[in-house]
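Have a look at the model first, then read on.

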Amino acid sequence: MFSTTSSALGTQSQLTDPAVIQPSNRLASLDVYRGFVMLLMASEGLGIADYARRTHAGEFLQIVARQTDHVQWRGCALWDLIQPSFTFIVGVAMPFSLAKRRAQGQGFGRLLLHTVFRSVILVALGIFLRSIGRSQTNYTFEDTLTQIGLGYCFAFMLAWAKPRWQAVAAAVILLGYWLAFALYPLPSSGFNSGSVGVSTAWHSEFGLNGFAAHWDKNTNLAAAFDVWFLNLLPRARQFAYNGGGYLTLSFIPTLATMILGLLAGNLMRDASKRPTRKVFLLICAGLAGLAFGALLDWTGICPSIKRIWTPSWVLFSGGWCCLLLAFFYTVLDVNGWRTWTFPLTVVGMNSIAMYCLADGGFRGFIMSALHTHLGSQFFGNKFGTYAPIAESIVALLALWLVLLWMYRRKIFLRI
């Protein structure tokens, strides 16, 4: 998972041969990359997007605002790379984690049981966090934790395969998922998109046409699956559509993102390759992913849509993940420039705790406490129109201080 200890071990064969497994050395770049992503998530964009919309801020803040919010459907902003990075990092960490456990004498059976347990906990935790404040359990499977949990056992099994078979598995998943959407019939002419939560104004601006319409919001194959599947579970009211267009079956291409992480993890463990060679290969893979993903989107063969995790999105976001890993690996593990990374390391080594605090309502509790003890107008009086941004910064600092306290006492939440 996110807080799995990673180590610079040797080649892929070491995963299945306990006689050659070496002691663990933590991969600093993975902790820092994880911490960077978690801070982005916990910050909620520091309220910049909302501020820019309310005040008609200048062009620079408008640009920043666009990067601190999710795109409506097709395309990519910085904020859209948070969940792919979560998933990619899980894959990168897995070879290190398995090798470490094998070095401790754990066999396949025990590792498999631990993997199943971890998957169940991830799904349950995701449902629990999405049910906070609800009148009953909110069975939903499209958030980060449940998506990873649903695919985690499959990724574990693939971790024992050779890299070339892992790559083949990813290709089969992406091609099969693309084909399933492409073959699903389009809505009839005159279909009322409002019945699936898509207004005429929204569709005219963000909707897809022609062949690309197979990946339109709430009229695709996986949306139809959710209407059937989610209504099999107890619900406060019948499920008709997801307002954001998110889908349960996105865990299938999400697994492909995890496999890309597995391939990167195998590369990072390969002692036969020099660090500069690893960086070069990561950069090449990143650029290839960006180019191929963008080409599929531009031609309309497969639009790049994060919300439904299209195959082109897997490639495009996976390209960014490879480039980010190459950057952090070069800076930290190759050049050893680590002094500035301490705030990120604190978060990266306790990412489960940060996820639960930020996504479980603790951030809202902090904001409420600030208003109670400082006064509801404190930030407005001190910072004027920038009050929401100032509040967000203080709330993020409070979350970080909680993790710093845990870090200094060596309290790390792991699944």
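Let's start with Glu44, which is partly exposed because its relative accessible area is 46%, a value between the 20% and 50% cut-offs. Keep in mind that this is a predicted model. Glu44 sits in the loop between α1 and α2 (48-55), and its phi is near 50 degrees, a positive value in a residue that isn't glycine.

Lys410 is another non-glycine residue with a positive phi, here near 55 degrees. You'll find Lys410 in the segment after α17 (387-408). Is Lys410 buried or exposed? With a relative accessible area of 67%, Lys410 counts as exposed, since the cut-off for that label is over 50%.

## The largest pocket

Now for the open spaces. The largest pocket holds about 1,100 Å³ of space. Its lining runs to 40 residues, and the closest to the pocket centre are Arg130, Arg134, Thr140, Glu142 and Asn242. As for elements, α1 (28-43), α4 and α14 (351-359) are the ones that give two or more residues to this lining.

What does the lining look like by class? The residues of the largest pocket split into 17 nonpolar, 12 polar and 11 charged.

## The second largest pocket

The second largest pocket comes in at about 420 Å³. It has 21 lining residues, with Leu260, Leu263, Ala264, Ala285 and Cys322 lying nearest its centre. Two or more lining residues come from each of α7, α10 (251-269), α11 (275-299) and α12 (311-334).

Which element gives the largest share of that lining? That would be α11, with 6 residues. By class, the second largest pocket is lined by 14 nonpolar, 5 polar and 2 charged residues.

## A leucine on α11

Helix α11 also holds Leu281. Leu281 has a relative accessible area of 26%, so it goes down as partly exposed. Along the sequence, Leu281 and Leu267 are 14 residues apart, while their C-alpha atoms are 8.6 Å apart in space.

Rolling a probe the size of a water molecule over the atoms shows where empty space is left. How many cavities of 30 Å³ or more turn up? The count is 3.

The largest cavity has a volume of about 60 Å³. Its lining is made of Met94, Ser97, Leu98, Arg101, Leu111, His114, Thr115, Arg118, Tyr152 and Phe156. The elements giving two or more of these residues are α4 (82-103), α5 (108-131) and α6 (144-158). Sorted by class, the lining of the largest cavity has 5 nonpolar, 3 polar and 2 charged residues.

The second largest cavity has a volume of about 50 Å³. Gln83, Glu142, Gln147, Tyr246, Leu247, Ser250, Lys306, Arg307 and Trp309 line it. Here the classes come to 3 nonpolar, 3 polar and 3 charged residues.

Finally, the surface. Trp165, Val168 and Val172 make up a nonpolar patch of about 310 Å². Trp165 belongs to helix α7, which covers residues 163-183.

Technical notes
Residues are numbered from 1 along each chain as its sequence is written. This is a predicted model: local features need pLDDT of at least 70, side-chain atom pairs count only at pLDDT 80 or more; totals for chains, interfaces and linings use all residues. Side-chain values use heavy atoms; hydrogens and water are left out. Patches are made of residues with over 30% relative accessible area and no salt bridge: like charges are joined within 9 Å, nonpolar side chains (Val, Leu, Ile, Met, Phe, Trp, Tyr) within 5 Å. Accessible areas come from the Shrake-Rupley method with a 1.4 Å probe; for residues, only the protein chains shown count as cover. A salt bridge is a side-chain nitrogen of Lys or Arg within 4 Å of a carboxyl oxygen of Asp or Glu. Helices (H or I, at least four residues) and strands (E, at least two) are DSSP runs, numbered from the N terminus. On a 1 Å grid over the protein atoms alone, a cavity is a set of points where a 1.4 Å probe fits but cannot get out, and a pocket is an open set with protein on both sides within 12 Å along at least five of seven lines; lining residues have an atom within 4 Å of a point. Grid points are joined across faces, edges and corners, and a volume is the space filled by probe spheres set on the points. Ala, Val, Leu, Ile, Met, Phe, Trp, Tyr, Cys and Pro count as nonpolar, Asp, Glu, Lys and Arg as charged, and the others, Gly among them, as polar. Buried means under 20% relative accessible area, exposed over 50%, partly exposed in between (1.4 Å probe, protein chains only).
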